[in-house]
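Open the model in your viewer and keep the selection panel at hand. The tour goes stop by stop.

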Amino acid sequence: METEKCHIVMVPFMAHGHLIPFLALARQILQNSSFSITIANTPLNIHYLQSAISSSPSPNLHLAPLPFHPTIHGLPPNTENAEKVPPPLLADLGLASLTLQPHLRALISTITQQEARPPLCIIYDVFFGWVSDVAKSFGTKSICFTTCGAYGTIAYMSIWLNLPHRKTDSDEFYVPGFPQHYRFHRTQLHRFLRRADGTDAWSRFFQPQIALSMNSDAWICNTVEEIEPLGLQLLRKFIDSPVYCIGPLLPTDSGMNSKHRSGKESGIPLEDCLQWLNLNPKSSVLYISFGSQNSISETQMMALAEGLEESKKPFIWVIRPPLGFDINGDFKAEWLPLGFEDRIRESKRGLVIPKWGPQLEILSHESIGAFLSHCGWNSVLESLSNGVPIIGWPLGAEQAYNSKMLEEEMGVGVELTRTVESVVTREKVKKVIEMVMEEEGRGKEMRKKAKEIAEMMRKAKREEEEEKGSSVRAMHDFVTTILS
Ligand code: UDP
């Protein structure tokens, strides 16, 4: 597609699970156009992106560091993203991000002067609604990009904007925007959201940002039209703007994916991991990971290890110190049952990977039969695009709504438990793992459905002229309609 050379600026939220889809989106737009794209963020995040693009740089992809000083905002030094910030200070990081505004304005002014016109549009994160004001003041289109799925996005937005759980004493509540008979549960709220009353730091950050993001000219969603019919129908009604589904955007830069964002190498070499996976039969291994910034509690970790051992199913577990400890720090054997690591190493029944695992490579291995996941949206897409069903253990953000959708709408998930506060027994762990990993019954059905979703995702990305997939058509429409 021929397009006049124009500039697009992108502003992702400061978290690994947002930076990577933004980078993937930039690459996808560049494939479809001759635009020039600048991704703006804090210096440390730009540094991570720099290392991610170094293996395949593009002359039209630029990175712009915006000055940011965490300590001025009471944050520890070098705390520039959600993975680095101690969990209680996450809302403060959000509030501190508002100080990027004058620096973004300066960047847009510079581009405007250099190119004798403002950028064509600014694509910003749903958590950075303030960017839409900047865009409007330059007469530039503002496009909101949600790195989450449609169902999770509408649920999370509506709950933040309406705080419906505050209006009832019941544990169950209705979320505006959903069909009348849908019910959500208090345990599906992150503890910060449960306590939110409109005046706390989380509300002060999220509520205005989400409200502002609803003013954008269009939305891009990292999902596939065919896999989330209900979520998309609700989202379109809720925000009243065109929504372009261009997913799945999967990480393309293994440099960023296989190395921890702080520069630490993956817990074990990829070859060792693949070698171990090769020893196992098709669909027999359970993969366990809680994403880039979460961990479970100490007692939950113990129950998970015990149930896992009792289930006798092979597993790969990317393991981090439990909540309350430095989750990027070293792992201590005392957090697992006595002798656990020795037993599984000797029996070759499992592989424990400290800190960071090569997730994409693991999920695409044919020996993987299910993924025990916190249901972060990137993990969901990576799992489903490989036809792998999900055992949900949502911990925060919109993960509980993703987990609900996987189970109730798609039939590819079953929730084991939710939040770090839940009491999990080893019996429950064992029962759910056995149910999902079994060759017959519900596990088999989930695997079948996951394969169907994988096929829908594959078709959505078809480039062939005569049968272009929905995501390819949406990207084309976005470029020709919105960016023309
Ligand atoms: N990831 C990885 N190795 C790990 C943990 C996470 O490669 O050990 C990647 C994973 O493949 C995904 C991202 O980090 O692309 C996590 O994003 P997600 O939305 O699932 O969760 P978040 O980290 O944002 O909570």
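What follows is a walk from the domains to the ligand, then to helices and loops.

**Before you start.** This is a predicted model: local features need pLDDT of at least 70, side-chain atom pairs count only at pLDDT 80 or more, and totals for chains, interfaces and linings use all residues. Numbering starts from 1 along each chain as its sequence is written.

**Stop 1: the two domains.** Colour 3-247 + 464-483 as domain 1 and 264-458 as domain 2. These bounds come from an automatic or database domain assignment. Between the domain centres, taken over C-alpha atoms, there are 27 Å. Domain 1 puts 26 residues into the contact and domain 2 puts in 22 residues; contact means C-beta atoms, placed from the backbone, within 7 Å.

Now select α1 (16-31), α6 (150-162) and α9 (229-239), the elements that give two or more residues to the domain 1 side. Helices (H or I, at least four residues) and strands (E, at least two) are DSSP runs, numbered from the N terminus. The biggest share on that side is from α6, with five residues. By class, the domain 1 side has 11 nonpolar, 12 polar and three charged residues. Here Ala, Val, Leu, Ile, Met, Phe, Trp, Tyr, Cys and Pro count as nonpolar, Asp, Glu, Lys and Arg as charged, and the others, Gly among them, as polar.

**Stop 2: the ligand.** Where does the ligand lie? Both domains give residues to its shell, so it lies between them. Select the 21 residues around it; Gly17, Gly291, Ser292, Gly376 and Ser379 are the closest. A residue belongs here if its C-beta atom, placed from the backbone, lies within 6 Å of the molecule. α1, α14 (359-363) and α15 (377-384) each supply at least two shell residues. α15 gives the most, with four residues. The shell has seven nonpolar, 13 polar and one charged residues.

**Stop 3: helix α19.** Select 470-482. Its 13 residues should span 18 Å at 1.5 Å a residue, and the end C-alpha atoms are 17 Å apart, which agrees. The expected span is 1.5 Å times one less than the number of residues. Show Ser471, Ala474, Met475 and Phe478, which are buried. Buried means 20 or more other C-beta atoms within 10 Å of the residue's own, exposed 12 or fewer, partly exposed in between, with C-beta atoms placed from the backbone. Look down the axis: the buried residues of α19 fall within an arc of 100 degrees, so they line one face. The arc is that of the directions from the helix axis to the C-beta atoms. These residues pack against α1, β8 (218-221), β9 (243-245) and α18 (442-460).

**Stop 4: serine 311.** Go to helix α12 (residues 298-311), where serine 311 lies. Which residues does serine 311 touch, not counting residues up to four places away in sequence? They are Lys430, Ile433 and Glu434. Isoleucine 433 is 122 residues away in sequence, yet its C-alpha is 6.9 Å from that of serine 311.

Stop 5: Most residues other than glycine have a negative phi, and most peptide bonds are trans. Select glycine 247 and proline 248: the peptide bond between them is cis, with omega near 0 degrees. Next, leucine 163 has a positive phi, near 40 degrees, and sits in the loop between α6 and β6 (172-173). Finish at aspartate 240, in the loop between α9 and β9. Its phi is also positive, near 60 degrees. Aspartate 240 has 7 C-beta neighbours inside 10 Å and counts as exposed.

Notes. Two residues are in contact if their C-beta atoms, placed from the backbone, lie within 7 Å.
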